[in-house]
Amino acid sequence: MAANNRLWGAERIRGELLKLGIRVSKRTIQKYIEPTRKRPRGQNWATFIDNHRAEVWSCDFLQLVDVRFAPIFAFFIMELDRRRMVHVGVTREPSPEWVTQQRRSATSSGASPRFLIRDRDAKFGRDFDRGAELTGIKIVTTAVRAPNMNAECEPFLGSVRRECLDHVLVLGEHQLLRILREYVGYHNDLRPHQGIGQGVPTRAANTGSPCGPVASSPVRGGLHHSYRRAA
């Protein structure tokens, strides 16, 4: 019973045994249960994400510097189920009002998550949470020093740096936004991802024909290429 029911403690097992006419003390049951086993008090974070992945988005900031070493910020919102980037914004002054507007823009088409994961950055402000909850979105704040709670969005920020921003000079807001939108289009529509079985976020599966010549298209001026079967 203990092996088959990981949520049961000794007292719960004793009750089931009594139903079968078997009288055993709680202490005896505890002796036979794995000594180091601890009864979980609710679902852990990984289980929560797995159970609600289809209705969870996450967001995060990426801080950069331009050619004059002035700070500039990019803000991303990701849909966890298919690792699709829902929104990207760029600003030099990430005020709480600006961040709240980014959340509104990401949900302007009518699509919205049930849960939105964010860290404890002061740039979000109270209006960000209040406005989200008024539209039915529950804000989930990550714990202190727990980057794994935003484990999908954090690696994406690393990919943006390695695959794109480390190879360009940032001149200003408009140029950076144009570059990031182009990269997000590549990320969503063309780039395979290990986390979804080498699938592409906007396509359920890779179903291309294995026959025919292969054509390539440059992305970001040839920094990357997209491959497809030529018609």
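This is a predicted model: local features need pLDDT of at least 70, side-chain atom pairs count only at pLDDT 80 or more; totals for chains, interfaces and linings use all residues.
1. Start with helix 6 and helix 7. Helix 6 covers residues 153-163 and helix 7 covers residues 173-189, and the two pack at an angle of about 115°, with 12 Å between their axes. Angles of 65 to 115 degrees count as roughly perpendicular, so helix 6 and helix 7 are described that way relative to each other. Their crossing is right-handed.

2. Who touches whom here? On the helix 6 side you'll find Phe 156, Ser 159, Val 160 and Glu 163, and they meet Leu 180, Tyr 183, Tyr 186 and His 187 of helix 7. Sorted by class, that contact has five nonpolar residues, two polar ones and one charged one.

3. Now the second largest pocket, which has a volume of about 250 Å³. There are 14 lining residues, and the ones closest to the pocket centre are Arg 83, Pro 155, Ser 159, Arg 191 and His 193. Helix 6 and helix 7 are the elements that give two or more residues to this lining. Helix 6 provides the largest share, at four residues.

4. Ser 159 is worth a click if you have the viewer open: it is in the contact between helix 6 and helix 7, and it is also on the list of residues closest to the centre of the second largest pocket.

5. Which residues make the contact between helix 4 and helix 5? Helix 4 brings Pro 96, Val 99, Thr 100 and Arg 103, while helix 5 brings Gly 125, Asp 127, Phe 128, Gly 131 and Ala 132. The class count for this contact is four nonpolar, three polar and two charged residues.

Technical notes:
Residues are numbered from 1 along each chain as its sequence is written. Side-chain values use heavy atoms; hydrogens and water are left out. Axes are lines fitted to C-alpha atoms, for helices over the stretch in contact, and angles run from 0 to 180 degrees between N-to-C directions. Angles under 35 degrees count as roughly parallel, over 145 as roughly antiparallel, 65 to 115 as roughly perpendicular and the rest as oblique. A crossing is left-handed if the near helix is turned anticlockwise from the far one by less than a right angle, and right-handed if clockwise. Contact means heavy atoms within 4.5 Å. Ala, Val, Leu, Ile, Met, Phe, Trp, Tyr, Cys and Pro count as nonpolar, Asp, Glu, Lys and Arg as charged, and the others, Gly among them, as polar. On a 1 Å grid over the protein atoms alone, a cavity is a set of points where a 1.4 Å probe fits but cannot get out, and a pocket is an open set with protein on both sides within 12 Å along at least five of seven lines; lining residues have an atom within 4 Å of a point. Grid points are joined across faces, edges and corners, and a volume is the space filled by probe spheres set on the points.
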